[in-house]
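The following note concerns helix packing and salt bridges. Please read it alongside the sequence and the coordinates.

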Amino acid sequence: MESKDRLMHWVLLLQECDVVIRDRKGIENQVADHLSRLENHDHVEEGEEIKEAFPNEQFFAITQDPSPWYADYVNYLVSGVLPPEIESKTRKRFLHDVNFYYWDEPYLYKQCADQLMRRCILEKRGGISVV
């Protein structure tokens, strides 16, 4: 009875989508045929129901690296918008420092004290560096 409820649940959910389900015989559907013959049945315990949580369900989860240290400079150079959390003392320093930066997509350059333009990079170890 419970499996019928689960099936009805999925039928109702799939009604919202434009889905066509076509049944094929084992010979025509080689992937399903192969999967049905696998000996490893870790997804089902003996005498238990099918587990709905998979061990790799986070496999396709989206992760986001932290923004680079120079993201505020690039955003200001491109759009002219100051970072929203900036305070008045920090704002003056930021507006002074940003004059030494130049955005040439996809790189940010800084004019250093020796008048050389150097490309800004983010070191893989987490440190900040200007090359």
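1. Angles under 35 degrees count as roughly parallel, over 145 as roughly antiparallel, 65 to 115 as roughly perpendicular and the rest as oblique. Helices are DSSP runs of H or I with at least four residues, numbered from the N terminus. The model is predicted: local features need pLDDT of at least 70, side-chain atom pairs count only at pLDDT 80 or more, and totals for chains, interfaces and linings use all residues. Residues are numbered from 1 along each chain as its sequence is written, and side-chain values use heavy atoms, without hydrogens and water.

2. Helix 3 (residues 71-79) packs with helix 4 (residues 88-97) at an angle of about 70°, their axes lying 11 Å apart; axes are lines fitted to C-alpha atoms over the stretch in contact, and angles run from 0 to 180 degrees between N-to-C directions. Helix 3 and helix 4 are therefore roughly perpendicular to each other. D72, Y73 and Y76 of helix 3 and F94, L95 and D97 of helix 4 make the contact (heavy atoms within 4.5 Å).

3. The count of salt bridges is 2, each requiring a side-chain nitrogen of Lys or Arg within 4 Å of a carboxyl oxygen of Asp or Glu. One joins R93 and D97 (3.4 Å, N to O). These residues, R93 and D97, are 4 residues apart in helix 4, and so are separated by about one helical turn. R93 is exposed at 52% relative accessible area, whereas D97 is buried at 17% (buried is under 20%, exposed over 50%, partly exposed in between, with a 1.4 Å probe and protein chains only).

4. R118 and D114 also meet in a salt bridge (2.9 Å, N to O). R118 is partly exposed at 24%, and D114 is partly exposed at 42%.

Terms used: Helix = DSSP H or I, 4+ residues; strand = E, 2+ residues; numbered from the N terminus.
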